[in-house]
Amino acid sequence: MSASDPRRGIRRAADVEAEVDEELRFHLDMRREEYEATGAPADEAGRRALRKFGDVSFIRAQTLTIDQRLYRRAARAETMSALVQDVRYALRTVRLTPGFTAVATLTLALGIGVTTVMFSVVDGVLLRPLPYASADRLVSLSEIQETGAEIPASFPEYLLWKEQSRSVLADLGAWFQAQMPLSGVGEAEMLPGERISVNLPAMLGITPLLGRTFRPEEESESAEPVVMISEGLWRRRFASDSAVIGRVLTLAGRPFTVIGVFPATLRSRLPNELASGRRTDYWMPLRATTRTAPAGLHFMYMIGQLKPGTPIEDVSARLNLVAKQLSTEDNPVHGLRATPTATRVAGSTRDMLGMLVASVAILLLIACANVANLLLARAAARTREFGIRVALGASRARMVNQLLAESVVRALLGGVLGVALAYGGVWAMRHGLKVRLPRFETVTIDERVLAFTLLLSVLVGLVFGVAPALGAARGDPKMALGDAARGVFGSVRRDRFRRLLVAGEVALSFVLLVAAGLLLRTFERVLSVPLGFESQNVVTAMVALPYSRYPDSTRQRAFFSELLSRMEAAPGVDAVGMTSSLPIEGGTNGGVAIEGKTYPPEQQPMAEKRIVSAGYLRAMQARVVRGRAFEPGDVSGGAPVVMVNESFARKHLPGEEAVGKRVDFQWGTQEMQTIVGVVADMREGALRDDIPPAMYIPFTQRSVDALYVVVRGAVPSPQLTTIVRETVGSMDPNIALAEVRTIDDILANGVATERVTASLLGTFAGLALLLAAVGLYGVISYSVAQRTQELGLRAALGARQSDLMALVFRQGTGVLVAGLVVGALGAFGLSGLIANQLYGVGPRDPATFAIAGALLAFVALAATFVPALRATRSDPLQALRAE
Amino acid sequence: MTASIDILRGTLDLLLLKALSWGPRHGYDIARWIEFATADVLDVGEGTLYPALHRLEEKGWVVAEWGASERNRRAKYYSLTMSGRAQLKAEKQNWTRYAQAVFSALEAPSLAESR
C-alpha cells in the first residue's frame, strides 16, 4: 500500500472524472493483457475485455454520478470545518487580547449602537407602513390655493368632492378636530375629539373594542346624537365598565348616547394625530349642523382610498380637471392635490432624518477606520505569526478568511454591546430629549431592528477587516525566520496607510463638527429671535363655552368680561388678557379689504386674525408703537376698531400712516373698522418664519365662544393655573380648562426641532471627535514605540528633548493638516445639503468653520502631546540594548 | 445470462464485501475473485461492480485509496471499514438464513402429505 495520493487534500471537481476514467481503464487494460497472455491477438483481446465488461459508457455515467455526490459532500464538510476552525481561532484571539478587544468592542459598539438607534427611528417614523387597512392605497387630499399653498377643505367642498372623486377613488372620508367639555361625571374635563364621516372606520379598518361604529343615517341632523369614546377615556372615567354602551353623556351641555368604544391601538388614531401625537377621546359623526359652515372656512381633512391600480398622479390630474370643469366665474372650485398619506404623516421629518442618518453613517465610518487602524498596528506585531503560517503552507485565501472571521467576530461583539447602547439611546431620545416625531412612540428595538443590526455588524466586520486581512496575507515566510522579523521592512506602506486612515477620520470629524456647529448656531439664533413679548411668568388655558348655555354673543361676552374682572382682582395676578390664538402656534388668517385699494385676486392682502381682550397686549407686555391700545369704550355698538402689527403696516400700507386707515377683516363684507394703533411685531407664526401681517380685533365687538386666558403673575405658574381653574369653576362648573400651559412651554415647543437636531448632531460630532483623537493617539504613540531605537540614537548623538518632541509633533501635524484640508473642502461642498435646516446662519459660515477647525486641531494636538512627551524620555541606552 | 445478473443484483454487495475481507484489493482483483469463486456467474457485465463499489464507498462500508499495482501502475484499492466489516457479518447471516430457508423449502413435502 503506498502513501496516500498527494493530490487528495486538494481534490478538485475535474479530478473526479479523471479518476473514474483511470480506474475503468486500468480494469480494461488488465483484462486485455490477461487475454493477450493466453495468446489472443491484441485487437481481439481488447474486444473481449470490452464485452466482458458490459456497457462502458453506462457504467461510467453511473459511477461518476455517485462520485460527484461524494465529492460535493466532502467539499461541504471541508468548508464547514474550516469555518468552525476560523471562528474558534478568532474567539481565542479575541480572548487572549483583552485590552485590544475592549477598545475595539467599545469603538464598534458606539458606531453600531448609534446606527441602530437611528435605524429604529427611521424605521418607525418613515419606513413602516401606516397602521391602517390597505395603507398603501390611502391618499390625503388638500386644496391648492392660488398661491400654491395646500390647505384643508371646507365643508361644502368636501361634499362636492365626495361626489366628484368617484372615478379615481374607491372611497372618500373626512374629519375635523374638535373638543367638548364632559360634565356630570366627576370633575368637568375638556375632551379632545373628532367629527368624522361615518365611512372612515371601515375605510381605515378601525373596529370597535365594544359596541358598534356609526351608521350612515347618523350623519343626519334628525338622528339621535351618538358618540364613540376612546379606550383610554373608558378606563379612566368609566372604570372599564361595559355598561357604558347606551349610557348618555353630557358633552358641551348636550346629551349624547355612547354606542361604542374604540381600542387604544395605533390604528384608532387618524393620520394627523399620528403626525402630531394628539390623542382623541371621542368621535362623533359629521353632522348637518356643521354643513352650515361657511364656504370660506377650511378645516376638513380629506382622505381617499385609491381604486386598485390607479396611480396617484392620475388622482391629482383628474380631480384638477373636474375642478376646472365645475368652476364658474362667481364660484371658483379649487383643485386638489393627492399625497400618499404615509408621506403626509412623515411631513418634513424626512430631511431632518436624512441628515441624522448621514451623520451616523459618518460616525460609523470613523469607528471602522479606528478599528482597522488598531488591527493594522497589531498586524505589524503579528508579522512573525503570519510568516510562520505561510511557511507551513497556509494559502493566501485561507489567511484572509481567517482574519476576516476574526474581524466579524469582533464586530459581532461590538454589535451585541451596541444593541445594549441602542436601548439606552432610544430611552434617552424619548425621555431625555423628549423627541417628538410622527409615530415616534412606536419606535422600538424589535426583531426587525435587531436583524438590521446583525447584518450591519457583519458588514462592518468585513469593512474594517478587509485591509488588515489583505495586508497580512502578504505575509512573507522569511519574516518568520530571519532577523527581518523586527518588522522594519515592509511596514512603511502599512504605516502610510494607517496615517491615511487617521487623516480620513479627522476629515470626517471636521464635516460632522461643522454640521453640528451650524445647527447649534441655528438653535441659538432661533432662541434669540426678538419675540415682541415677555414669555416668563405667564400661564395660559383655553376656556371654551358650551353652545347650549352660551348660544349668543351677549352671553359669551358677559362670561368672558366677568372672568377677566374676577381674575384681575385675584391675588398674585399682575395682568390678564384673552386671545383666540397664542403666539408661535399660529391661528386663523384670511383676506383683508383696505379702504381705497383694489387688488387682483391672487394679490389680495392677507392677515393673521386675533380676537383679543383689551388687556391681552398688556399681559403679553407687547409694545404699542403708534396710536392707542384698546379702551373700555371699544365695545359692541361703538365705532368698530382694530389694531395691526408693524408688519401689517409695512406690507399693506407702505409709506402711509396706518393709524386712522379703515380696513375690513371680513374681506369687505361688513362695516369697515378703523385702525386705532400699531403693535410692535409679536411672533404670530413659527419662530423661524417671517412675522406675518396681523390684526387684533376686540372680542367685545365680535362673537367668539372659545378664548385662551393669558395670566401674568409673580406667583409660580401652578398657582396661577389653580387661580384660573377655580375662578372658571366658580362661575360655571360645567366648563373645563384645556391646553393648560405656560408661554415658556410654547416657546420651548417652538424650538423643539432645533433643540433635538442640535443635541443629536452635537453628540455625534463629540463622539466623532473622541474617536478621531483616539485614532491619532494610537498612530502616533505606535510610531513612537517603533522608533525607540532611532529616537534613542538621536538622543545619544545630542538631540535635545525639544528636538525629539518636535519630531513627533511634526508627524502628528502632518496627519492633522491633511485631514483638516480635506475635511474643510468636504464640509464646504456638503454643507449646502443642510441649508434648509438652518436659520440665521449660512451653510458656509466662516466662524463655524473656524471654530470647528480650531477645536479639532486642539484635541488632535492634545492627543499627539502624550506620545511626544514619551519620545522625549527616550533613553540612549535603549538603542544599544535593543540590538 | 440475464438470469445470472438478476440473481447477483441482490447479492453483489455481499460478494464485494466478502472479496475485501482478506484485505485491500483493486476492482480487477475483485472481479477475478468473483469470477473464480462463483464459477463466472457475472460472465459479461462485470463492469457493474464499479457503481456497486462506489455506492459502498458512499455508504461508508469501504474506503478507496490510490496505490501502485503489482505491475507498477496506479490502481484504486478498496478496503473494508469497521462498519463495512459489521455489515458483511450481518449480511452473511441474513443470506445464510435466507438460503437455508429457501433450500429447505425446496426439499419440503406438501402440507397435505405431512399431515
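Colleague: What makes β12(A) and strand β22 (residues 706-713) of chain A a pair, and in which sense do they run?

Modeller: Keep in mind that this is a predicted model. DSSP has to find at least two bridges before strands count as paired, and 7 bridges join β12(A) to β22(A), so they qualify. The two run antiparallel. Inside that pairing, A:Val538 sits opposite A:Arg712 of β22(A).

Colleague: And how do you know that β12(A) pairs with strand β23 (residues 737-742) of chain A?

Modeller: By the cut-off of at least two bridges: β12(A) and β23(A) share 4 bridges, in the antiparallel sense. One of the partners to look for is A:Arg741 in β23(A), which bridges to A:Thr540.

Colleague: Why is β12(A) called largely enclosed?

Modeller: A residue is buried if 20 or more other C-beta atoms lie within 10 Å of its own. In strand β12 (residues 538-544) of chain A, 6 of the 7 residues are buried, so the rest of the structure largely encloses the strand.

Colleague: Which hand does the crossing of α11(A) and α22(A) have?

Modeller: Left-handed. As for what lines the contact of α11(A) with α22(A), the residues are 20 nonpolar and 7 polar, with no charged ones.

Colleague: How many residues does each chain bring to the contact between chain A and chain B?

Modeller: Chain B puts in 23 residues and chain A 22 residues. On the chain B side, α2 (27-37), α3 (49-59), β2 (62-68) and β3 (74-80) each supply at least two residues. α3(B) gives the most, with 6 residues. By class, that side of chain B splits into 9 nonpolar, 6 polar and 8 charged residues.

Colleague: What is the order of elements along chain B?

Modeller: Starting at the N terminus, they go α-β-α-α-β-β-α-α, which comes to 5 helices and 3 strands. Of the 115 residues of chain B, 31% count as buried. And among contacts in chain B with a separation of 6 or more, 52% come from residues 24 or more positions apart.

Methods:
Residues numbered from 1 in each chain as written. Chains lettered and ligands numbered in written order. Predicted model: local features only at pLDDT ≥ 70, side-chain atom pairs only at ≥ 80, totals over all residues. Left-handed = near helix turned anticlockwise from the far one by under 90°. Nonpolar A, V, L, I, M, F, W, Y, C, P; charged D, E, K, R; others polar. Contact = placed C-beta atoms within 7 Å. Buried ≥ 20, exposed ≤ 12 C-beta atoms within 10 Å, placed from the backbone.
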